[in-house]
Amino acid sequence: MTALLEAYDLVKHFPVRDAIGRKRGAVHAVDGVSLSVAAGETLAIVGESGCGKSTLGRLLLGLIPPDEGQVRFGGEELTQLSPAALRARRRDMQMIFQDPYASLDPRQTVQDAVAEPLRLHRIVPRAGEIARVASLLTRVGLSPEHARRWPHEFSGGQRQRVAIARALASGPRLILGDEPVSALDVSVQAQVIELLRGLISEMGLAFILISHDLGVVRQIADRVAVMYLGRIVEEGPSEALLAAPRHPYTRALRAAVPGGGRRAAPVSGDVPSPINPPSGCRFHTRCPHVEDICRSVVPPLADGVACHLADRLPPFAAVVDRQPNARLVRLQSRFRPQGDAA
Amino acid sequence: MTPALAVTGLTVSFATDRGVFRAVDGLSFSVAPGETLAIVGESGCGKSVSSLAIMGLLEGNARVGGDLRLAGQDLLAMTPEARRKLRGADMAMIFQEPMTSLNPAFCAGNQIAEVLALHRGLSRHAAYEEAIRALDQVRIPDARRRAAQYPHQLSGGMRQRVMIAMALACRPKLLIADEPTTALDVTVQAQILELLDELKRETGTAIVLITHDLGVVADHAEQVVVMYAGRAVETAPGEAIFTHPEHPYTIGLLGAAPRLDGPRGRLASIEGTVPDPMHRPPGCGFAPRCPFAVAECTVTDPALTMLAPGHAAACLLAPLEAA
Ligand SMILES: Nc1ncnc2c1ncn2[C@@H]1O[C@H](COP(=O)(O)OP(=O)(O)OP(=O)(O)O)[C@@H](O)[C@H]1O
Ligand SMILES: Nc1ncnc2c1ncn2[C@@H]1O[C@H](COP(=O)(O)OP(=O)(O)OP(=O)(O)O)[C@@H](O)[C@H]1O
Ligand code: SF4
Ligand SMILES: [Mg+2]
Ligand SMILES: [Mg+2]
């Protein structure tokens, strides 16, 4: 598969200043990240709060310039483009945000919100706008009548559908969703996940999913990159990575997901500050397997994992989550729309 | 044994510009000392309002009915002054975002010491020493040094530990934890939930744990109440809610949560939305979204009916399928 989007050695640091403006160090938000996504593929970026997921996302779409490294989209290097050329590229790369309340302008009707990218990129003549918006709304499970309404008249899940319609309007080749379902209740979340999954596969989109929820990631993603304090520590196909995580941090993350029965917390301590992050392996302050080399030498991402001990770690003690019994599976099948094959 | 908390037929109504509406409608449950009861349900179903009603912290436009007993004492018969004295001493609450309930101007140790001085009449020095012990009890390393730090100097997980230490400082009979780990990272969440489990065993405090995460329920609760649109639709022992759920809403909810193992199938989809509390449909509140619904469901309002010891559901068709 040829990559649609490729990133090499991206670095982004944010200066930290004290009260009188002196530089007091830097937040190492993204620190040497390389990755790629192909057309029709979904890549998830997972990790805990502050590990740099959103910053990486903004770098990938060329919304902020990297301190170091490159991003290529369709073979073209984003960092070399003029601002005007970059704006035109936006047509191909769209974003969906977490907060359906903040991502829509309260003074814009749904018609205007969805038509905006059509106008910006001159996609259809004015006369065709209404029909185009109606078809986009239908596509995301809303009805054309919704076009005349205002964002505040919608529930969170419906607003997120509007945001998806808006992202699809310009006919993008890549969509980046930054926690697109995290603010939604589980039943609404399931509706939006199913919608996204269908659209991605029908339209052959490349999709980058930023999420902290491994369950959501497993539903949508083909491949997963796990971030810890600005670096990718493990990367691989999602099923294999979640079933048998290799990096001690991925293992802790997997084991910490509630639902597998009462057990001891997998790691102690909080995530260290990204200002002056730990030397060597950034996970060494919390890692149960730490050895001397981990404290001083940065483990490279090799064969999908960045851990000095990757080849020597004990096998992952599989977390066995509760399986629904036959009765429950039967009863739950009633909740699938009629004529909708699994 | 007298339950630490017994709630019977709790109702909460709010007077609003649009009229009066019932946010909580006939909620009943009880929790024994040292036990955790989880309340689950989607946003707006009345979880927080119920806990604020139990704490006596609702605003003026709320009317509370029913019967609330803390270790046998009738809470609704008490004067506001008497209830204020209970808060912090016999019952305590922790919230999702610890920053909103910590005072940024006081160091962690002094905040806890203040509670101890107020409720246990300790001297300033004795209260501060006791506060350090409380921080130590919630496994804060180097508690004496941390006690001198201000909330903004602490991480999210550390702040939540300070909140728990403060809530448990007077050894309350009841702790209500309203989404205590939602704002935390999953590796830190696991630590806090484990801590709450240990503390309830050590102190015998009863815990009401409010969450929307069924995984948390599975791992940490002895009993569960599933709420939908202001009512309990199912109450069950923690295990039974997963192995043998009886209410269609519970079944849909379990199927909508993405799983980490087993086949990667389609998620269950509960179509439609929660009814507007001002215009509750007749019959079962879940009927418009329920794939099992029959004509009778839109007419008759199902009562919570006992199906097995400790297991009740409010569905006309329950038990759904004998297994
Ligand atoms: N514009 C900025 N200026 C200074 N620091 C920033 C800026 N943007 C992000 N940061 C910092 O960079 C780090 C990474 O932030 P980022 O938002 O990328 O994390 P994240 O993984 O998306 O976290 P979350 O899950 O909480 O959204 C954080 O420490 C954050 O505070
Ligand atoms: N002071 C108030 N006045 C009027 N209505 C209120 C008031 N407080 C809460 N409500 C309403 O009562 C209902 C129940 O709210 P509650 O906060 O208990 O929900 P919840 O189950 O805790 O939801 P979440 O999961 O979002 O926290 C909601 O419809 C809410 O808008
Ligand atoms: S490199 Fe060392 S500290 Fe880092 S994860 Fe591997 S074993 Fe742990
Ligand atoms: Mg983010
Ligand atoms: Mg609430």
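1. B:Glu81 and B:Arg84 stand 3 residues apart in helix H2 (residues 80-86) of chain B, so about one helical turn separates them. Helices (H or I, at least four residues) and strands (E, at least two) are DSSP runs, numbered from the N terminus. The two side chains meet in a salt bridge, with 3.2 Å from N to O; the term denotes a side-chain nitrogen of Lys or Arg within 4 Å of a carboxyl oxygen of Asp or Glu. B:Glu81 is partly exposed at 39% relative accessible area, and B:Arg84 is likewise partly exposed, at 44%. Here buried means under 20% relative accessible area, exposed over 50%, and partly exposed in between (1.4 Å probe, protein chains only).

2. On the basis of the model: it is predicted, so that local features need pLDDT of at least 70 and side-chain atom pairs count only at pLDDT 80 or more, while totals for chains, interfaces and linings use all residues, and side-chain values use heavy atoms, with hydrogens and water left out. Residues are numbered from 1 along each chain as its sequence is written, chains are lettered from A, and ligands are numbered from 1 in the order in which they are written.

3. Over all chains, a search of the whole structure finds 34 of them. Side chains of opposite charge can pair when their charged atoms come close. In chain B, B:Arg22 and B:Asp25 are paired at 3.2 Å, N to O, and B:Arg22 is partly exposed, at 43%. A network of salt bridges links B:Arg22, B:Asp25, B:Arg231 and B:Asp301. In chain A, the closest N and O atoms of the A:Asp105 and A:Arg107 salt bridge are 3.3 Å apart. A:Asp105 is partly exposed, with 28% relative accessibility, whereas A:Arg107 is exposed, at 67%.

4. A residue is counted as near a molecule or strand if one of its heavy atoms lies within 4 Å of it. An oxygen atom of the ligand lies 3.2 Å from a polar backbone atom of A:Cys51. For A:Gly52, the distance from a polar backbone atom to an oxygen atom of ligand 1 is 3.0 Å. The side chain of A:Ser54 has an N or O atom 2.8 Å from an oxygen atom of ligand 1. Taken alone, ligand 1 exposes 640 Å², and the protein buries 62% of that. Such accessible areas come from the Shrake-Rupley method with a 1.4 Å probe; for residues, only the protein chains shown count as cover.

5. Ligand 2 has 15 residues around it, the closest being B:Ser43, B:Gly44, B:Lys47, B:Ser48 and B:Val49. One of its oxygen atoms is 2.6 Å from an N or O atom in the side chain of B:Ser43. Backbone N or O atoms also approach an oxygen atom of ligand 2, at 2.7 Å for B:Gly44 and at 3.0 Å for B:Gly46. Of the 640 Å² that ligand 2 exposes when taken alone, the protein buries 67%. In chain B, strand S1 (5-16), strand S2 (19-31) and helix H1 (47-55) are the elements that give two or more residues to this shell.

6. H1(B) supplies the largest share of the shell around ligand 2, 3 residues. Because 7 of its 9 residues are buried, H1(B) is largely enclosed by the rest of the structure. Among the buried residues are B:Lys47, B:Val49 and B:Ile54. B:Gly56 follows the helix and has a positive phi, near 75 degrees.

7. The shells may also be described by residue class.

8. A:Pro144 is in the loop between helix H4 (129-139) and helix H5 (156-169) of that chain, and is partly exposed, at 39% relative accessibility. A:Pro144 and A:Arg89 are 55 residues apart in sequence and 28 Å apart in space, C-alpha to C-alpha.

Notes
Polar contact = N/O pair within 3.5 Å; in protein donor to acceptor, adjacent residues only side chain to side chain.
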